[in-house]
Amino acid sequence: MPRIPPTARKGLLTLHLVTSLGWLGADLVLLTLGIAVQRGADPAVLYPVGALVGTVLFAPLSVLVWLIGVASALLTPWGLLRYRWVVVKLVLTTVMVGLVLFLLTPNLRHAGALGAALPARDRADLVIAPAVSTSLMIIATVLSTYKPWGRRRAAQPALAGHARNR
Ligand code: HEM
């Protein structure tokens, strides 16, 4: 994959940070809404807000985070499969994007449509799912800053050192 000039790389990293940490922020909003309902706030008001946040912000952001994350790996010396911390982030994010698009977003829409009629078990899911994904995103953030575990054995040694631009 082609390397990109330093200015473009900074621009890509800025995009990656804005989208991925924005994604974390949107997730915290969903968690707050879910907890607020459990603590007695009106589900007829808050669940439609959650459905809106999920549909227009959280779901589209999840796709953007994945695309820009993959580009950030492929267009820099980190590579997509060269370093363990990048591979773990790729797997975590891919699983999360699947869950967000195929499970959480439909559930948020369902809750938005039902409001106060949503059963208690489904209400608990609207706290558990954002709590789990928020934790995974915090793990992804910590992996990004500490960059642990080094290179994968299969990665080419000739490229060692190129990515030490932290
Ligand atoms: C497809 C998934 C992802 C991949 C492949 C990926 C890959 C990368 C790569 C290669 C970098 C280094 C970029 C550079 O040096 O120019 C980076 C930086 C970073 N990523 Fe990701 N990322 C992904 C998802 C995420 C997620 C979900 C989060 C947080 C919610 C996140 C947070 C960060 C942060 C905070 C940095 C900056 C680290 C630093 O500059 O020290 N990334 N990512």
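Helices here are DSSP runs of H or I, at least four residues long, strands are runs of E, at least two long, and both are numbered from the N terminus. Keep that in mind as you click.

**Before you start**

The model is predicted: local features need pLDDT of at least 70, side-chain atom pairs count only at pLDDT 80 or more, and totals for chains, interfaces and linings use all residues. Residue numbers run from 1 along each chain as its sequence is written.

**Stop 1: the whole chain**

Show the chain as a cartoon. You will find four helices and zero strands. Along the sequence the pattern reads α-α-α-α. The C-alpha atoms fill a box of roughly 60 × 30 × 20 Å along the principal axes.

Now colour by burial. A residue is buried if 20 or more other C-beta atoms lie within 10 Å of its own, exposed if 12 or fewer, and partly exposed in between, with C-beta atoms placed from the backbone. Of the 166 residues in the chain, 25% are buried.

Next, contacts. Two residues are in contact if their C-beta atoms, placed from the backbone, lie within 7 Å. Take the contacts with a separation of 6 or more: 82% of them join residues 24 or more positions apart.

**Stop 2: helix α1**

Select residues 6–38, which form α1.

Show the buried side chains of α1. Among them are T19, S20, W23, A26, D27 and L30. An α-helix has 3.6 residues a turn, so residues three or four places apart point the same way. The buried residues of α1 pack against α2 and α4.

**Stop 3: P43 in α2**

Select P43, found in helix α2. Is P43 buried or exposed? P43 is buried, because 23 other C-beta atoms lie within 10 Å. Leaving out residues up to four places away in sequence, P43 touches V37, G115, A116 and L118. Try the distance tool from P43 to V86: the two are 43 residues apart in sequence and 39 Å apart in space, C-alpha to C-alpha.

**Stop 4: W78 in the loop**

Move to W78, in the loop between α2 and α3. W78 counts as partly exposed because it has 19 C-beta neighbours inside 10 Å. From W78 to S62 is 16 residues in sequence and 21 Å in space, C-alpha to C-alpha.

**Stop 5: helix α3 and its kink**

Select residues 84–114 for α3. This helix has 31 residues and reaches 43 Å from first C-alpha to last, close to the expected 45 Å. Where is α3 kinked? Centre on V100: the kink there is about 45°. The bend at a residue is the angle between axes fitted to the seven residues ending there and the seven starting there.

V100 is also one of the buried residues of α3, along with others including V97 and L104. The buried residues of α3 pack against α2 and α4. Just after the helix, G115 takes a positive phi of about 60°.

**Stop 6: helix α4**

Select residues 120–146, which are α4. Its 27 residues reach 40 Å from first C-alpha to last, close to the 39 Å expected. The buried residues of α4 are L126, A129, P130, S133, M137 and A140. Their cover includes α1, α2 and α3. After α4 comes K147, with a positive phi near 45°.

**Stop 7: the ligand**

Select the ligand and its shell. A residue is near a molecule if its C-beta atom, placed from the backbone, lies within 6 Å of it. Here 25 residues surround the ligand, and the closest are S20, G69, W78, T93 and S144.

Which helix gives the most to the shell around the ligand? α1 does, with seven residues. α1, α2, α3 and α4 each supply at least two.

Colour the shell by class. It holds 13 nonpolar, nine polar and three charged residues. Ala, Val, Leu, Ile, Met, Phe, Trp, Tyr, Cys and Pro count as nonpolar, Asp, Glu, Lys and Arg as charged, and the others, Gly among them, as polar.

**Stop 8: the record**

In an unreviewed entry, UniProt lists residues 12–37, 49–74, 86–106 and 126–146 under "transmembrane region". Such annotations may be inferred rather than shown by experiment. Select residues 12–37: the span is 100% helix, with end C-alpha atoms 38 Å apart. Residues 126–146 are 100% helix too, and their end C-alpha atoms are 31 Å apart.

Technical notes. The expected span of a helix is 1.5 Å times one less than its number of residues.
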